[in-house]
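Reader: I'd like to learn how to read strands, salt bridges and cavities in a model. Could you walk me through one?

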Amino acid sequence: MKHILPILTLTTLAAAASAQSAAAAGLSYNRAGVNYNTDSGAGDNGYSVSVEALVGSSNVWVGGTADLNSAGEDEVSVGYLFKNVVAGIDATVAVSSNDTYGLILRRSLNEVISGLEARFVWSHATGSDRQNAYLYELAYNIGAKYQVAVAIADQEASDTETFVSVRYNF
């Protein structure tokens, strides 16, 4: 009987430590990056910058991308993040400034390799383009602050493109 209090205390501390480490291992939604399109055409330098963040402590997600060439297409998006929808997958429903809406699915793959994550993006353009686009990405977290990623983008009306990204989590 006299050992119950120390055992409960140790159990509580162990559970709290486990919960903190699990929270720290989650996906970062506050990040900025530099992206390179390896399939860029003539007159296109292939570089873009991107940023995304959660607004305060809410699940409101904002993001933006700016191409770093003269003919670039910039985009601003806003969405809502649903965490751990099923099997550890986070889902974001978003709309963008270029008449596009879509769904972003992200999942940590720490059970495969620590620091690995996957992302799938489906978007649909509603303007004159009227096409679906898909993006498949594998990313690796280097510590808590940096991430490298390789993505393949596939649009219905054009060729497949490959992107390499370096990101900073803030």
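Reader: Let's start with charged side chains. Which side chain meets that of Glu117 in a salt bridge, with what N to O distance?

Author: Happy to begin there, and please keep in mind that this is a predicted model. Side chains of opposite charge can pair when their charged atoms come close. Here the side chain of Glu117 forms a salt bridge with that of Arg31, at 4.0 Å from N to O. Glu117 belongs to strand S7 and Arg31 to strand S1, so this pair ties together parts that are 86 residues apart in sequence.

Reader: Are Glu117 and Arg31 buried or exposed?

Author: Glu117 and Arg31 are both buried. Glu117 also has a salt bridge to the side chain of Arg106, with an N to O distance of 2.5 Å. Arg106 sits in strand S6 and Glu117 in S7, so that pair links parts eleven residues apart in sequence. Arg106 is buried as well, like Glu117.

Reader: How many salt bridges does the structure hold?

Author: There are seven. One of them joins Arg107 and Glu111, at 2.6 Å from N to O. Arg107 is partly exposed, with a relative accessible area of 24%, while Glu111 is exposed at 56%. Salt bridges with shared partners also connect Arg31, Glu52, Arg106 and Glu117 into one network.

Reader: Now the strands. In what order do they close into a barrel?

Author: Strands of a sheet pair through backbone hydrogen bonds, either parallel or antiparallel. In this model ten strands form the barrel, in the order S1-S2-S3-S4-S5-S6-S7-S8-S9-S10, with antiparallel pairing. From one strand to the next, the twist averages 25°.

Reader: Which strands does S7 pair with?

Author: S7 is joined to S6 by nine antiparallel bridges, and Arg107 stands opposite Ala118 in S7. Nine bridges, again antiparallel, join S7 to S8, where Leu135 is the bridge partner of Val121. S7 and S8 make a hairpin with six residues between them, and Arg130 in the turn has a positive phi of about 40°.

Reader: Why is S7 described as largely enclosed?

Author: Seven of its ten residues, in the stretch 116-125, are buried, so S7 is largely enclosed by the rest of the structure.

Reader: And which residues line the largest cavity?

Author: The lining is made up of Tyr29, Arg31, Glu52, Trp61, Thr92, Ile104, Arg106 and Arg119. By type, three are nonpolar, one is polar and four are charged. The space inside this cavity is about 30 Å³.

Conventions:
Residues numbered from 1 in each chain as written. Predicted model: local features only at pLDDT ≥ 70, side-chain atom pairs only at ≥ 80, totals over all residues. Heavy atoms only, no water. 1 Å grid on protein atoms, 1.4 Å probe; cavity = no way out; pocket = protein on both sides within 12 Å on 5 of 7 lines; lining within 4 Å. Points joined across faces, edges and corners; volume = space filled by probe spheres on them. Nonpolar A, V, L, I, M, F, W, Y, C, P; charged D, E, K, R; others polar. Buried < 20%, exposed > 50% of the residue type's maximum accessible area, 1.4 Å probe, protein only. Helix = DSSP H or I, 4+ residues; strand = E, 2+ residues; numbered from the N terminus. Pairing = 2+ DSSP bridges. Axes fitted to C-alpha atoms, helices over the stretch in contact; angles between N-to-C directions.
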